[in-house]
Amino acid sequence: MATPRTDLRGAAAALAVVVIWAASFSFARQAIEHLGPWMFRFYSVSLGLLPLLGGIAGTLAALRRLDRRSRWQILVAVTVNGSLVATMNIVALSWFPASTVLALIYTMPAFTSLIDAAHSRRWTLLGAAAPAAALAGVLLFAGGSATPLGTGGLLVVANALAWALGTWLAGQPTQRLPARSMVTLQMLLALLTSLPMVGWVLLQPGALAQPSAADLLGIGWAGLLNGSVVFGLWYYAINLLGAVRASWFTLLVPVLGSAVAVLFFAETLATWQRIGIGLVSVGIALHSLSRRRQQVLRGL
């Protein structure tokens with residue numbers, strides 16, 4: 001049962017996730033351009049797994065003790081969140097400015113709310129208006145960039161839908177693993193799924209670039225902060241707040257990420273992008289209002 005204390009801890013963890021994710025795309029994009037997406041992915045995941053190596057055996061043992069449904073649900077969630085979504089984000093950064101990718105991928109909270117409403121069959125006008133405003137805002141934000149959406153943009157939105165499903169599955173009330181075990185399993189699977197593409201890169205003559213100091217910064221941020229640390233906090237927040245509530249915190253990421261990209265990486269925001277950020281803010285406000293109304297109705 002949620003209490004003010006657990007809500008506060010969950011919100012603090014979610015906000016820490018927002019701060020880390022907000023700057024990660026800008027740092028990663030420069031390293032990806034030099035090293036290529038697949039070697040960057042391999043380096044960062046390998047680094048992120050290092051502090052978790054001692055917990056692999058315990059994590060696998062705990063996974064085996066779960067019932068079959070919970071085990072498969074967790075495996076799908078961590079594979080989608082850590083392998084499919086992360087890989088597609090890296091590919092997207094090869095096509096789009098960091099601020100655009102941030103906007104597109106963070107359609108996720110709107111999709112999470114819609115998945116939850118469809119599953120629970122609880123539809124309200126206010127509850128539907130919140131994800132609609134947020135979705136319109138991020139699409140308008142991306143559409144207002146210098147790079148048109150095209151097929152690549154639609155691919156990132158589809159990836160956001162996959163992330164929403166993974167987030168929703170991670171928050172379902174079945175048997176769960178602790179947050180550290182969840183992130184250990186996620187990083188291990190992410191490393192294993194990166195190996196085929198690393199092998200393909202190594203077969204290409206002269207494709208292996210030497211990481212620069214700037215590359216190492218991007219690898220460190222993506223592997224440690226945006227890997228083992230951030231997803232440990234993320235699953236902790238989901239456990240305390242639930243998947244839908246935790247996911248809505250991530251709508252703050254495009255706003256902060258855009259500020260980082262503009263202030264430190266010389267990217268610019270068009271008028272339509274500013275309007276998009278305003279719609280995202282409206283979506284957050286409507287979602288908060290909808291949740292408070294549901295709490296009042298449940299208390300009657």
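How many helices and strands does the secondary structure of the chain come to?

A: The chain comes to 13 helices and zero strands, where helices (H or I, at least four residues) and strands (E, at least two) are DSSP runs numbered from the N terminus. This is a predicted model, in which local features need pLDDT of at least 70 and side-chain atom pairs count only at pLDDT 80 or more, while totals for chains, interfaces and linings use all residues. Residues are numbered from 1 along each chain as its sequence is written, and side-chain values use heavy atoms, with hydrogens and water left out.

Of the 300 residues in the chain, 51% are buried; buried means under 20% relative accessible area, exposed over 50%, and partly exposed in between (1.4 Å probe, protein chains only). Among contacts in the chain with a separation of 6 or more, 90% come from residues 24 or more positions apart, a contact being heavy atoms within 4.5 Å.

Helix α2 covers residues 37-49. Its 13 residues reach 18 Å from the first C-alpha to the last, close to the 18 Å expected at 1.5 Å a residue; the expected span is 1.5 Å times one less than the number of residues. The buried residues of α2 are P37, M39, F40, R41, S44, V45, G48 and L49. F42, by comparison, is partly exposed at a relative accessible area of 23%, and Y43 is partly exposed at 24%.

A search of the whole structure finds three aromatic pairs. Rings of Phe, Tyr and Trp (its six-membered ring) pair if their centres lie within 6.5 Å; planes under 30 degrees apart count as stacked, over 60 as edge-to-face and the rest as tilted. Another tilted pair is formed by F231 and Y235, at 6.2 Å centre to centre and 40° between the planes. F231 and Y235 are four residues apart in helix α10 (residues 213-241), so about one helical turn separates them. F231 is buried at 10% relative accessibility, and Y235 is buried at 2%.

F42 also takes part in a contact with S194, a residue of helix α9. Leaving aside neighbours within four places in sequence, S194 is in contact with R41 and F42. The relative accessible area of S194 is 5%, so S194 is buried.

Helix α9 (residues 179-202) also packs against helix α3 (residues 56-65), at an angle of about 105° and with the axes 9 Å apart. Axes are lines fitted to C-alpha atoms, for helices over the stretch in contact, and angles run from 0 to 180 degrees between N-to-C directions. α3 and α9 are therefore roughly perpendicular; angles under 35 degrees count as roughly parallel, over 145 as roughly antiparallel, 65 to 115 as roughly perpendicular and the rest as oblique. I56, T59, L60 and L63 of α3 make the contact with S181, T184, L185 and L188 of α9. By class, this contact has five nonpolar, three polar and no charged residues. Here Ala, Val, Leu, Ile, Met, Phe, Trp, Tyr, Cys and Pro count as nonpolar, Asp, Glu, Lys and Arg as charged, and the others, Gly among them, as polar.

Helix α1 (residues 4-35) holds S24, which is buried with a relative accessible area of 3%. Not counting residues up to four places away in sequence, S24 touches W221 and N226. S24 and G218 are 194 residues apart in sequence, yet 7.7 Å apart in space, C-alpha to C-alpha.
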